[in-house]
Amino acid sequence: EECSAVDRVIQQHLVRAEDTALALQRQREQYEMKMEAYKKENARLRLQLSAVRTKSNSSSLALHEFMQAKGTHAGDATTRAIPSLTVEGEEDTAASATAPPPADASHEDAEAEPDTELELIEPPLDSADHPQHGIESAPALMVVPSPGTSTGPQLDGGEDVGEMPPPSMRKRSAAMAALKEELEGKRALKFKKRSDTAHELLKIERSYVEKLSIMCEVFVDPLEEASTSDEPILTYTQLMDIFSCVKMIRKMNAEFLERLESLMNTWSEETCIGPLLSTMGFLRDYSAYINTYGNALKVYTNLSRECKPFKEYLSKPHVRKAMKRDDLSSYLIMPIQQIPRYEMLAKQLLKYTPTEHSDYAPLEEASALIHTIAEEMNEAKKKFDNVSKMFDVSSRFEPHCAPMILTENREYILEGFLFSRSRYISDSPPRKSLYFFLCNDVLLKAKTRHNFGEDDTLPDLDFVRMVPTEELKFHNTEEYPLAFRIGKDLWYCQSKYKKKLWLKGLASAGVAEW
C-alpha cells in the first residue's frame, strides 16, 4: 500500500511536470513568434528609413544642379525668398546676414565655399503643419544645405552637432545607458562583498589569535611553570598531551595577523590580498595538533574529572573570567575549525573579485593552496586515526600476535560480534563469544575472555583465525532479517542496522558477493 501511494504521488508529480513542460513550450513558441514579428517590423522600418534618406539625397542633388544651371547664388536667393525670417529683436543679426558681399569678392571665392551655400526646395507639407518658433509667416520654401553638409541641429555659434538620431536609436541608447548603470551597480556590489569578506577574515583572525593567547597565558605558561614545582597541577607530559603545539600555532598566526592588519589599514578596490594568503603554507604545521586532538580531548576530559588540582584550577575566578565561562574543549577545537574557515573565505574572496582584477590570479593560487592543505590535513588525520586504531586492536591480543596484525597499508573498517545461532544473540554476549575485526585485506576472528571490555590496558581477546578478504564471498540472505552468509557459514548480527554495516563493510573491503 505504501508503494502504491508513493507511485500515485510520483505519477501526479510526473503529470504536473508534463503540464508545466507543455506550458513552457507554448510560452516559448509565443515568444519566438513575437520575436519574428519584431524582426520583420524592424526590417520594414529600416527599408522605409533607407528609402526616405535616398529620396531626400536625390532631391537635394537635383535642386543643387538646377541652381548651378541658373547661376544664382544660394545666399542671395535665400534672402529674396525668405524676407521675414528675422525674429523681433534680432534685426541687426538679420541685416548682417543679408548684407551683400564686398565689391572685391569674386564669384570664384563664393564658389570655393560650398559649406556656406543654401538651397531652396518646396516642403513636402504645408507650412502650417510645421510652425517655426518666432516666425509669423514664411513662404512655401525651406532652406536645404548643399550636398555634403550636415542636416543636423547646430549650436548657438553655428557648430554642427550632427543628425538627430531616430527614435529607435534613442531607445537603444537609453537601454544601453540603463544596462551600463546596472552593470556599474553590480560591480559596486561585488566590490562591497569583497571588502566585507576581507574585513570578516580580519575579524575572525583577531578573535582566533586572542583565544590562542588566552590558552597560552592562562593554561600553558602557568601550568608549565607549576610542573617544575613541588606541587605540580599537571605533569609536563599531561600538559603536552592536552596543548601540544598551541604556542607554536599562536606565534605563526600572530605574525600573519600583523601582516593582515597592515594590509587592511590601506584597503581599497585595488588592494591585493592574494599574495598574503599565498604565504599560508604554515598551516601544514597544524598536522601535529590535528592528529593528536582526539587524544588531547580524551586526556582533558579524564583529568578534569579525576585530577583534583586541575579541577580546582579550572574553577578559579580568574580562569573562568578569562575563558568567559566557556569550557576549555571549545578552545581546543579552534585550530581544527580554522582551516575550513580559511578555505571558505578564500573562495568567497575569489568569487567577489573580477577576473580582470590584478588580485584574481594570486587569489586563485592562494585558494588552491589552502584547499590542498585542507585535503592533506584530512588525509593525514585519516591515516593517523587508522594507525592508532590498529594499535588499539593489537593491544587487545597477546603481544606475540602484534606482528600479524600490524602490517603496512592495513586499514581498519569494522568490528563487532557475530553469532552462529540466532538463540545466541544478546546485547551482553557470554564469555567465549566470537568477535570479528574487518580490515581492507583480512577478516580477523577472535574469542572474548572473561575480562572483555573491562580494562583497556589488558588483553581481552584470544586469536582464532585470520582470513584474507580475497578468499571470501558473502551473500545477503533475505529470508533471515538479521543474518548473512560468509562462504557457507550463516552469521547473525545483533540488529538490522549492524547487518547493514557489515554488508557495506564487506563490499568496501573488496569481498565478492554471490
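Which side chains meet in a salt bridge at 3.3 Å, N to O? They are those of Asp460 and Arg396, a salt bridge being a side-chain nitrogen of Lys or Arg within 4 Å of a carboxyl oxygen of Asp or Glu. Asp460 lies in the loop between S5 and strand S6 (461–468) and Arg396 in the loop between H14 and helix H15 (402–405), so the pair ties together parts that are 64 residues apart in sequence. Helices (H or I, at least four residues) and strands (E, at least two) are DSSP runs, numbered from the N terminus.

This is a predicted model, in which local features need pLDDT of at least 70 and side-chain atom pairs count only at pLDDT 80 or more, while totals for chains, interfaces and linings use all residues. Residues are numbered from 1 along each chain as its sequence is written, and side-chain values use heavy atoms, without hydrogens and water.

The structure holds 18 salt bridges, including these:

| Pair | N to O distance |
|---|---|
| Asp460 and Arg396 | 3.3 Å |
| Asp359 and Arg194 | 3.1 Å |
| Lys192 and Asp196 | 3.0 Å |

Asp359 and Arg194 are both buried, where buried means under 20% relative accessible area, exposed over 50%, and partly exposed in between (1.4 Å probe, protein chains only). Lys192 and Asp196 lie four residues apart in helix H5 (residues 167–226). Lys192 is partly exposed at 48% relative accessibility, as is Asp196 at 40%.

In H16, Lys499, Trp502, Leu503, Gly505 and Leu506 are buried. On the other side of H16, Tyr497, Lys500, Lys504 and Ser508 are exposed.
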